[in-house]
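Dear colleague,

I am passing on a model for your own work, and the notes on it follow below. Please read them alongside the coordinates.

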Amino acid sequence: MKPTIDSFNRLSLGIMEKEGCQPEDALRKLQSLTLNILCGEAIRDSLPLQAALLTTINTAKRAFLGGVSVQMPPHVACLLPWPQKRSLDEIVCELGGSLTTVLPTKDFTLTFGLAAQIDDNQLQIVCSDWQGGVMANGEPSPFDADGTIPTAGVFAGGLGTTLAFLRLSGMEIAAGDESVGLSLWRPDLHWLDPLAKGPAVALLPQKYWLLGLGHLGQAYLWNIGLLPYSDPQEVSILLQDPERIVKANWSAGLLTTKKAAGHYKTRWCSLWLEKRQFNTVITERRFDEHTRRACEEPFVALCGFDTASSRLHLEAAGFDLIVEAGLGGNLATFDRATLHTFPDARQTPQAIWDATGEAEINPVVLSILQKQLKDPCGIVPLTIAGKAVSASFVGACTGALALGELLRGLHGGIRFDKISLQLRDLNSIRAIGHEKNTYTTEQARNGFLTVRSAVPAPSF
């Protein structure tokens, strides 16, 4: 079957670039990859660890196409908000994990609530309210099995999946060689620094405006959907995107299922949110120089655009705070994320992005497709070769970074103008503070709600 623009697996682009292979060979490589997940009893008591587990499964199934096997204690009560489900085991299956009592012995394994063995093919996922990472070489977890906020858990789950994929795919064989992580409270510090622990989280944003509902937009919503609101019906989320879902979006979109193709992104995401009792408003107009927030619409925006030109008008729309993120697009950079906050940053969007910039064409992918399709000047090879290598696990981590910025702002933390990181090398993270240093009134008009009290686990 000839590749098409709307069905081409975006993660397979990285395999093609790495190995110089045909699209069908790249897809077979993904189909050969499998992942093991092993959970200890600590999974029962840690909300962040449960968020890490569900994120790992939701991202890994889109990359490890050979399957995701899960061994976990039976009848684990879910501590996260999830519609019509009481058991974490049920949700694992719903998301695509395969429960088993005996894991395959040769596959890469991520452990949750259990120290990983001293093995190149094992990592332990660890997280608290603000800190998330992986422990290698049998090192014990630095955190207790508790916590009330899922966001660092989402980051940890996405990070573990990233490192496992980089190693098994051959893209970065040194991935996962050492214990690494990130503090969403103090990304400028080592993740295990005592000052990186952060305060207890009591407040959550009341309103959001989502600009773009592709790879990053859905990652933002995945993070929002797991937040423990006392009453999610008091939350308002405005969804803006003009496009429909295509088959190719499944490999990167955390809310996208294989049945979603053809639906408008706004309406598909709205259904997902409304099942969780959030209030939504949708607009299918393209964001441009004419877009303005008005009346009681959200004062805070999360931006996930994939083009520079769309970002140029962010400051003119009337938001009090914009958290914007972008990702790399080729084999060397697809796990790189950069976050900005506007307005009143050191640089404006116009100073950062060039409106005339065009999508980068991958020469390796272009050459392969031109030969396969016997169409050296055709639009299909050029268009596919201009698509970014995209992976849902990178989106999950970036979404957590963006939500961490909002949560930090509600708790008097540092405002960062820019944060840049690469998941395969978290030691190289750069975090540039805003000139005012801390958040003050940026989210005041947007409102806030309280975190729900701990709910006793149901008995089975």
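Is D320 buried or exposed? At a relative accessibility of 19%, D320 counts as buried, where buried means under 20% relative accessible area, exposed over 50%, and partly exposed in between, with a 1.4 Å probe and protein chains only.

Before the rest, a word on the basis. This is a predicted model, in which local features need pLDDT of at least 70 and side-chain atom pairs count only at pLDDT 80 or more, while totals for chains, interfaces and linings use all residues. Residues are numbered from 1 along each chain as its sequence is written, and side-chain values use heavy atoms, with hydrogens and water left out.

Salt bridges

The structure holds 16 salt bridges, a salt bridge being a side-chain nitrogen of Lys or Arg within 4 Å of a carboxyl oxygen of Asp or Glu. One of them joins the side chains of D320 and R445, at 2.8 Å from N to O. Because D320 sits in the loop between α8 (308-311) and β13 (321-327), and R445 in the loop between β16 (430-438) and β17 (448-450), the pair ties together parts that are 125 residues apart in sequence. Helices (H or I, at least four residues) and strands (E, at least two) are DSSP runs, numbered from the N terminus.

R415 forms a salt bridge with E442, and their closest N and O atoms are 3.4 Å apart. R415 belongs to strand β15 (residues 414-422) and E442 to the loop between β16 and β17, so this pair links parts that are 27 residues apart in sequence. Both partners are buried, R415 with a relative accessible area of 1% and E442 at 5% relative accessibility. Salt bridges that share partners also join E172, D335 and R424 into one network. A further salt bridge, 2.8 Å from N to O, is formed by the side chains of R186 and D188, of which D188 is partly exposed at 35% relative accessible area.

In helix α2 (residues 23-32), the residues P23, A26 and L30 are buried. Seen down the axis of α2, the buried residues fall within an arc of 65°, so they line one face of the helix; the arc is that of the directions from the helix axis to the C-beta atoms. As background, an α-helix has 3.6 residues a turn, so residues three or four places apart point the same way. The buried residues of α2 pack against α1 (12-19), α5 (151-169) and α10 (363-373), contact meaning heavy atoms within 4.5 Å. In α1, the buried residues include S12, L13, G14, I15 and M16, and what covers the buried residues of α1 includes α2, α5, α10 and α11 (379-385). Just after α1, G20 takes a positive phi of about 60°.

Cavity and pocket

The count comes to one cavity of 30 Å³ or more. On a 1 Å grid over the protein atoms alone, a cavity is a set of points where a 1.4 Å probe fits but cannot get out, and a pocket is an open set with protein on both sides within 12 Å along at least five of seven lines; lining residues have an atom within 4 Å of a point. Grid points are joined across faces, edges and corners, and a volume is the space filled by probe spheres set on the points.

The largest cavity has a volume of about 30 Å³, and its lining consists of D335, A337, V394, C397, T398, L401, L421 and L423. Helix α12 (residues 392-410) gives the largest share of that lining, four residues.

The second largest pocket has a volume of about 580 Å³. Of the 22 residues that line this pocket, S7, F8, N9, L27 and K247 are the closest to its centre, and the largest share of the lining, three residues, comes from α2.

Backbone points to check

A cis peptide bond, with omega of about -10°, joins F342 and P343, and P343 is found in the loop between β14 (336-342) and α9 (349-352). The loop between β14 and α9 is also the place of D344, which has a positive phi of about 65° although it is not a glycine.

With regards
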